Amino acid sequence: MTQVLSLVNAFDAFIVGCIDDGTWDSINASCIMAGWSNLSGALTPLAGPQPSGFNLASGEYSRASGLKGDGASMYLSSNVKANAFNISGLHMASFISLSGGSFGDALGYQGNDSLALLRYYSTNNIFNGYMNDTTLTFYSSGVAFTPTFYGFSRNSNTSYTSRVLSSGITHTTTAIPNTPSFNIGVGATILNTGLITAPISYAISFYSIGTPLNLSLLDNRVTVLMSGIQNAIP
Amino acid sequence: MPFRRTSIDSDQRTGFYSPKRSRVVGSRIAHSISPDPDAEAYLLAVEAADGEALEAGVVNAVTDFVVGCKSDGIWDAVKASCILAGARTLAGALVPLVGTAPTNNNFVSGDYSRTTGLVGDGSTKYLDSNRAGNADPQDNAHLSVYITAISSGNPGAAPYYISSGAFGVGSKALFRAYQTPDLLAHSVLPTANTISFLGPNPPLNGFFGYSRSLAASFTYRDSGTTYTPSTTSQVPTSDNTFVLARNNGSNVAERYSNARISFYSIGESLDLTLLDNRVTRLVNEIEFFLNTGLDGGGYNINTLKYVNAGYAAGGSLS
């Protein structure tokens, strides 16, 4: 009972906190991929559509650390189309709970004209990616890994913000119009061919996709949520 | 005094039966904590029908609902209603929250779930609410249901969630339209034989209702959105209102539904958004308690829905 109570309290504090922060309505698709007893619970959408799993194995899910990729074929389709959002009106965020493998994309899509992805190189702790543009941008490099919120948010044609390892940066890049009608990937980038690239070997325990929001506020809520879940699981 | 539990205190959250909040009635223990006399009377009747006391989590959810509806000013408009969840047995579920008890036609205990309600079979099973369609004034009426599984499949005709009148003059109904070969959106007969359907297809589970307080227009709420079409009212039919089927005009059931519902109400006009919020909270608090053993009263509705969805998917937090 204590575990159930602790987990429910953690979920509730996150939801109420996001509502209080004004970020809740910007979370259009999300899963808390930790705390639940199995993958079925972990893939229950907190908001938006249910994701579709591809090549998932139950052994890759941990209640404490979430969903660990196989670095090959395992990923989720968020079932949110990349063109569901304005080119300068998107956030994507994740929580990386365990390092592992060489590199992979926590979330991503790659269209004909631009792309958006959150890439993490476990081997040298580099976080970089694209945000509806074609400019490879570094978000963090060489800082020792600890479990971290990792996301970006664009609400301007000329700049966007990223946040990882508790550090936020504003980047000046121009959003390039794109009309990809395919889904945003979780644990890999989905290409316009329908194939994937950069499947993760590390573990993620949260993702959200939606309209722009304050990343610092979301980081605080997600980090507290993950801490609460970790503390609840024996 | 409002019956609220705002603390995060774990003792209050667990919702297990608390002896100090009980009393002995005859040879059994019954709850006695509800500060609301209408909730208290209903809960005691359910316990009598069940032959067993209800858990505090269920008692609190029902009390919250009744007190909340009174606070919203919509309670008096509910003239006939059943909460088809929470009770331990089908007999308990058919105890009326308000008004006359429905007549059970062919439902058996296996058709009832404490968490998700009563399911029809699309062929033989329905409730007669025993409330006539003209018991409420022509321009002062509502119908509502809470759907946990929409009507589905290919029944060959429109299946009805709740209905008085068979598409004749003055019909009142909530149903799912049908056009060969498929079911369509949720649809309304708003004290008139003119159909309205504006919601999504397929519809979503959840609250579905209509209310009329004007001769020229009415409101209906489906899948979380409220619509206000202009349809002139007609003199309501006197047919009894049936649940999970349509009354053919001669008190014979037809157009059965295979949907599952956990609440219905019949009565005078009211604010559908307010009723939706209360009913959605009620059914989710009950389901949450039965899933987790925790009292849902202090939690955000989004938390209740999320946790219930996780359990429905086969997950657990234990």
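Here is a short walk through how chain A and chain B meet, and through helix H1 of chain A. This is a predicted model, in which local features need pLDDT of at least 70 and side-chain atom pairs count only at pLDDT 80 or more, while totals for chains, interfaces and linings use all residues. Residues are numbered from 1 along each chain as its sequence is written, chains are lettered from A in the order in which they are written, and side-chain values use heavy atoms, leaving out hydrogens and water.

Let's begin where the chains touch. In chain A, 24 residues are in contact with 25 residues of chain B (heavy atoms within 4.5 Å). Together the two chains bury about 1900 Å², with 69% of it on carbon and sulfur atoms; this is the accessible area (1.4 Å probe) that two parts lose on being put together, summed over both.

Which parts of chain A supply at least two residues each to the side that touches chain B? They are helix H1 (2-21), helix H2 (39-42) and strand S2 (45-47), where helices (H or I, at least four residues) and strands (E, at least two) are DSSP runs numbered from the N terminus. H1(A) gives the most, with 11 residues.

Now follow H1(A) itself. Its 20 residues should span 28 Å at 1.5 Å a residue, and its end C-alpha atoms are 28 Å apart, which agrees; the expected span is 1.5 Å times one less than the number of residues. Just after H1(A), A:Gly22 takes a positive phi of about 85°.
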